[in-house]
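Please read them with the structure open.

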Amino acid sequence: MASTSTISSLGVGSGIDAETIVTKLVALESQPITQLKTEASKVQSKISAYGKIQSAVSDLQSAARKITSLDTWGATTASSSDSTAVTASTSSGAQTGSYSVVVNSLAKAQSVVSNSYMSSSSAALGASGTLTIELGSWSDSTFTAGSSSVSVSVAATDTLETIRDKINKSSAGVKATIITDSSGSRLVMQSSDTGASNGFRITAADADGTNTDDSGLSTFAYAPDQSTSGTTLTQSSSDASATINGVAVTSTSNTLSEVITGLTITLSKASSTATTITVGQDNASITTAIQDFATKYTALSDLLRTNTKYDEGTKTGGTLQGDSGAVSILNQMRAIIGGSSSASSTYTTLSAVGLEVQSGGGLTVNTSKLTSALNNLTEVKKLFANSDSTDSTKDGIGTRIRALTDSLLDLEGTLTTRTKGLNTTLDYNEKRQEQMQNRVDLYEKRLRAQYTALDTAMAKLTSNSNYVTQMINSLNNTSSSSSSSS
């Protein structure tokens, strides 16, 4: 018997289109997986939508915290009648009112300049030794040291530029610069800070043996108590002197930050004429906070409405249409924003101060109405920021929104638990897909084995049939030949 051929393609041995049959049967068996993938895509879309909602709720939470903060409602601003002489800024704790400021003198830094000129700032000094810098205060020619001294070593190869750099890197409280004119270059040294206590003395240990003359390293010494002659005092260190509402004040700097709580006053020019600093309520920053609150609420409202609505025109629903969590958030937000509060006896609703609910559910700010309402700041503050632990009806609108956003973003809040639930559903879906795919793979393997076996059996039958046919034909041919011979 002739041997059978190896089956190289499904269906070749049987003549049946087995490949198509297997493909269609596998596709039919895979339909549940396709359905699971469709469901997974929908769940993923919901997770994405909830992620955007969570971000928008977080933004509203920040705006609500701002609108309920005492710092927001206590915000002040300062103006000056003469900004060339005095300016001011406010911070937390500043009280409204006015202050009369007379600047007698400004705080100054001590400054000295070397007397001797060098041909170039990059030419070597040719002298060596040590400069010792001390910070302190001067009274005529008497120096009182206020801190430890700093030593700067100078080599004969050093130039004005390298000496300047060494002083500046020494952190001695003195900064050095170079001035150059038609006569040459000189070294200028100045206190890093203003104030009488930030004067300085510079002594030299000059390698030439003389420490006080105008030669060698002693060229840079400034010590009147030691009769140095190498430098000239161009400005003495001094404190600022002023009167505020008739009270004399002094300061080592021209910025007075601790004289009046919450008020920083900057002195720029001495003047015998009083400058009036007026501290008033900062309506601009309060208005900005309210507008931001309205904007963040509107963004969240629009996002929730878009995701939960059903569009009659397109006959399609939003990603979260019918989702109880999203619908509940939207309803709670609307109830608070459109509701009333008994916190204020003057303003009980947001619309009363200019925050008007639009047809789509968002908020717009009527600026003129809000500006007018802010003339009664105490009552507007109550409407937004009041908090009453015994009577929730007296909580402000901002306080209620803040509490709601806090609860939504809490570990056990709606947003957290809903997102967690959706992720659990997605994980289960993916595991089911994997399980069903394994089953389909086994089913396909079994089908292919069965059709391969059928192909092999059919191939054997065909081979046997051909063999029998050949034998019969051969016998018939032999019989015909014998009959012819006889």
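1. In which loop is T346 found? The model is predicted, and in it T346 sits in the loop between α6 and β19 (355–357). Is T346 buried or exposed, or something in between? At 42% relative accessibility, T346 counts as partly exposed, because that class runs from the 20% limit for buried to the 50% limit for exposed.

2. Setting aside neighbours within four places in sequence, T346 is in contact with N376 and E379. T378 is 32 residues from T346 in sequence. The C-alpha atoms of T346 and T378 are 9.9 Å apart.

3. Now the overall form. The radius of gyration of the protein is 46 Å. A compact globule of 486 residues would have a value near 23 Å. The C-alpha trace spans about 160 × 80 × 40 Å along its principal axes. Please keep both results in view when judging the fold.

4. Burial and surface belong together. Of the 486 residues, 37% are buried. The protein exposes about 25,100 Å². Carbon and sulfur atoms supply 48% of that area.

5. On charge, the protein carries 35 positive and 41 negative charges. How far apart are the mean positions of the two sets? They are 12 Å apart.

6. Look next at L320. This residue lies in the loop between β18 (316–317) and α6 (324–337). Is L320 buried or exposed? L320 is buried, because its relative accessible area is 0%, and buried means under 20%.

7. What surrounds L320? Beyond its neighbours within four places in sequence, L320 is in contact with K46, A49, Y50, I53, N307, T308 and A326. V43 is 277 residues away from L320 in sequence. In space, the C-alpha atoms of L320 and V43 are 9.8 Å apart.

8. Two backbone angles deserve a check. Phi of N245 is near 50°, a positive value in a residue other than glycine. N245 lies in the loop between β12 (240–244) and β13 (247–251). With a relative accessible area of 45%, N245 is partly exposed.

9. K315 is found in the loop between β17 (310–311) and β18. K315 counts as exposed, because its relative accessibility is 55% and exposed means over 50%.

10. Helix α9 covers residues 397–409, which is 13 residues. From first C-alpha to last, α9 reaches 18 Å, close to the 18 Å expected at 1.5 Å a residue. Which residues of α9 are buried? They are I397, G398, T399, I401, L404, T405 and L408. An α-helix has 3.6 residues a turn, so residues three or four places apart point the same way. I401, L404, T405 and L408 can be viewed with that in mind.

11. Last, T416. Helix α10 (residues 414–485) contains T416. T416 is partly exposed, with a relative accessible area of 24%. Leaving out neighbours within four places in sequence, T416 is in contact with L408, L409, D410 and L411. L106 is a contrasting reference point: it lies 310 residues from T416 in sequence, and their C-alpha atoms are 59 Å apart.

Note on methods:
Residues are numbered from 1 along each chain as its sequence is written. This is a predicted model: local features need pLDDT of at least 70, side-chain atom pairs count only at pLDDT 80 or more; totals for chains, interfaces and linings use all residues. Side-chain values use heavy atoms; hydrogens and water are left out. The radius of gyration is taken over C-alpha atoms; the globule rule is 2.2 Å times the number of residues to the power 0.38. Buried means under 20% relative accessible area, exposed over 50%, partly exposed in between (1.4 Å probe, protein chains only). Accessible areas come from the Shrake-Rupley method with a 1.4 Å probe; for residues, only the protein chains shown count as cover. Lys and Arg count as positive and Asp and Glu as negative; His and the chain ends are not counted. The place of a charge is taken as NZ of Lys, CZ of Arg, CG of Asp or CD of Glu. Helices (H or I, at least four residues) and strands (E, at least two) are DSSP runs, numbered from the N terminus. The expected span of a helix is 1.5 Å times one less than its number of residues. Contact means heavy atoms within 4.5 Å.
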